[in-house]
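Visitor: Hello! Could you walk me through this structure, a few residues and helices at a time?
Guide: Gladly; here it is, and then please ask away.

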Amino acid sequence: MIHRTEDLVDHVSALGLRTNIAVAAADDADTIKTIHEAWTHGILDATLVGPEGKIRRIAEELAVDLSRFRIIDAAADAECVESCVQLVRTGECEVVMKGRVSTADLIGEMLRKDNGLRTDRVLSHVGAFTSPGENRIMIITDAGINIAPDLARKRDIVMNAVDVMHALGYEHPGVAALSFIEKIENKDLQPSVKQATLDAEQLTQLCRQGQLPGCTVDGPFALDNAISPYAAAHKGIKGEVAGRADVLLAHDINMGNAIYKALQIWVKVVFAGVVVGCKTPVVVPSRVDSPESKLQSIALAILLMKKKAGA
């Protein structure tokens, strides 16, 4: 079991895991620095896709030796993402990482049916982090892909997160389905507030019926009751997930992104964030992610890919 996201790179390195990663629009200083750092840890080889002249100029300014990386010259963003998807389709690369391109453009290309990378699940963003004050990893999902997922999508989002927790060594994670309220007592509530509560109740029932294997799903929970044993006990909320959730399932992207950014900016947690649900994990770092978070995100993607391959 891995207890801290800060240890992911060392864990992957110790296992001798290494992958080839395709970087879409690699003409970005932060991206090149991150790829170079990951290479120095011995966990990847990289194919940098983008305007070759600009990539070389940036690398020269950073004093990064590009001779250890393959470069594919591609001027337009669309060409960059198409080339990266082709690289994973042919097996030349195992993981895709976003450079300067938008997440939407890269994910859109990954989802094209003729590319053969889709699975029977929706894609979702998983943000793994070390629980503040504790020695364990938690996940917040979905903070970046699904805007207002319905019940079926939430089921997929749960299972995507559970797969990640399993890869991290957490055999039976507890999933807290978050809501704004835990009981519907006011008929005048906004529809989205009611739906968050109803979805949480239904997901809990689906889990009890065996339709969400490998985890325990419970809810609805307000955030404090999901992560604080004191808050859960004070409010009389019981169960193995109450106050001790491993996965926080957000009702919508507004909730998920707010929690994610609050942890990132106020608490300074090191996130390892990937998009899962496709045949290959996708690393989609935010421009405000710390260098450490970007590096650990790559390590998580490698761990997931090797886990899928049975390594």
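Visitor: In which helix does Q296 lie?
Guide: A word first: this is a predicted model, so every value here is computed from it. As for Q296, the element that holds this residue is helix α11.

Visitor: At roughly what angle do the axes of α2 and α11 cross?
Guide: Helix α2 covers residues 29-40 and helix α11 covers residues 291-308. Their axes come within 10 Å. The crossing is right-handed, and its angle is roughly 55°.

Visitor: How is α2 classed relative to α11, then?
Guide: The axes cross at roughly 55°. Angles from 65 to 115 degrees would count as roughly perpendicular and those under 35 as roughly parallel, so this one falls in the remaining class. That makes α2, relative to α11, oblique.

Visitor: Which residues of α11 make the contact with α2?
Guide: On the α2 side, the contact is made by D30, T34, I35, E37 and A38. By class, the residues of this contact divide into 4 nonpolar, 1 polar and 3 charged. The α11 side contributes K294, L295 and I298.

Visitor: What about α4 and α5: how far apart are their axes?
Guide: Helix α4 takes in residues 77-89, and helix α5 takes in residues 103-110. They pack at an angle of about 40°, which makes α4 oblique to α5. The crossing is right-handed, and the axes are apart by 9 Å.

Visitor: How many charged residues are in the contact of α4 with α5?
Guide: From α4 come V81, E82 and V85, and they meet D105, L106, E109 and M110 in α5. The contact has 4 nonpolar and no polar residues. The number of charged residues is 3.

Visitor: How many disulfides does the structure hold?
Guide: A disulfide is a covalent bond between the sulfur atoms of two cysteines. Here a pair of sulfur atoms has to be within 2.5 Å to count. For C93, the nearest cysteine sulfur, that of C84, is 7.4 Å away. The number of disulfides in the structure is 0.

Visitor: Which cysteine has the sulfur nearest to that of C215?
Guide: C215 is buried, with a relative accessible area of 5%. It is in no disulfide, and the nearest cysteine sulfur is 4.7 Å away. That sulfur belongs to C207.

Visitor: How far apart in space are A250 and I157?
Guide: A250 is found in the loop between β9 and α10, and at 3% relative accessibility it counts as buried. Among the residues A250 touches are T141, D142 and K154. In sequence, A250 and I157 are 93 residues apart, yet in space their C-alpha to C-alpha distance is 9.8 Å.

Visitor: And K235: is this residue buried, partly exposed or exposed?
Guide: K235 lies in the loop between α9 and β9, and it touches D224 and N225. Buried means under 20% and exposed over 50%. At 47% relative accessibility, K235 therefore counts as partly exposed.

Terms used: Residues are numbered from 1 along each chain as its sequence is written. This is a predicted model: local features need pLDDT of at least 70, side-chain atom pairs count only at pLDDT 80 or more; totals for chains, interfaces and linings use all residues. Side-chain values use heavy atoms; hydrogens and water are left out. Axes are lines fitted to C-alpha atoms, for helices over the stretch in contact, and angles run from 0 to 180 degrees between N-to-C directions. Helices (H or I, at least four residues) and strands (E, at least two) are DSSP runs, numbered from the N terminus. Angles under 35 degrees count as roughly parallel, over 145 as roughly antiparallel, 65 to 115 as roughly perpendicular and the rest as oblique. A crossing is left-handed if the near helix is turned anticlockwise from the far one by less than a right angle, and right-handed if clockwise. Contact means heavy atoms within 4.5 Å. Ala, Val, Leu, Ile, Met, Phe, Trp, Tyr, Cys and Pro count as nonpolar, Asp, Glu, Lys and Arg as charged, and the others, Gly among them, as polar. Buried means under 20% relative accessible area, exposed over 50%, partly exposed in between (1.4 Å probe, protein chains only). Lists of a residue's contacts leave out its neighbours within four places in sequence.
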